[in-house]
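The sequence and structure are shown first.

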Amino acid sequence: MDTKELIQCVAERIGRSESDSAKLVEGLSIVLKERLSELDSIAIPGFGTFEAKKKDERIVNNPSNGKRMLVPPRVVVNFKVSNVLKSKLK
């Protein structure tokens, strides 16, 4: 499913226009980005939890040439599915 299909599905479900639904999806995306960049977790009942974790910088070896490289720190997002959604998928 791409963004356009998502917007169409949301519009049908909530009975609003596609432009209103696009604003809703865009707003949700912005809030998720802002909160996860601040390392907050976001729980959506019945769906799951998004959790941001900061990975420290580390040194790795490049397997092709054997040189050591420094990997900069980064933020990684993990998603844990709620038990309600797990049971519906089974």
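A residue is called buried under 20% relative accessible area, exposed over 50%, and partly exposed in between. The model discussed here is predicted. Because its relative accessibility is 39%, leucine 39 counts as partly exposed. Lysine 90, at 83% relative accessibility, counts as exposed. The two residues are set out below.

| Residue | Relative accessibility | Class |
|---|---|---|
| Leucine 39 | 39% | partly exposed |
| Lysine 90 | 83% | exposed |

Although leucine 39 is not a glycine, its phi is positive, at about 65°.

H2 itself comprises 20 residues, and its first and last C-alpha atoms lie 28 Å apart, close to the 28 Å expected at 1.5 Å a residue. Ser21, Val25, Leu32 and Leu36 are buried in H2. Viewed down the helix axis, the buried residues of H2 fall within an arc of 35°, and therefore line one face of the helix. An α-helix has 3.6 residues a turn, so residues three or four places apart point the same way. The elements covering the buried residues of H2 include helix H1 (3-14), E1, strand E2 (48-55) and strand E5 (74-81). On the face turned away from the buried side, H2 carries the exposed residues Lys23, Glu26 and Ser37.

Lysine 90 belongs to the segment after helix H3 (83-89). Its C-alpha is 28 Å from that of valine 76, with 14 residues separating lysine 90 and valine 76 in sequence.

Technical notes:
Residues numbered from 1 in each chain as written. Predicted model: local features only at pLDDT ≥ 70, side-chain atom pairs only at ≥ 80, totals over all residues. Heavy atoms only, no water. Buried < 20%, exposed > 50% of the residue type's maximum accessible area, 1.4 Å probe, protein only. Helix = DSSP H or I, 4+ residues; strand = E, 2+ residues; numbered from the N terminus. Expected span 1.5 Å × (residues − 1). Arc of directions from axis to C-beta. Contact = heavy atoms within 4.5 Å.
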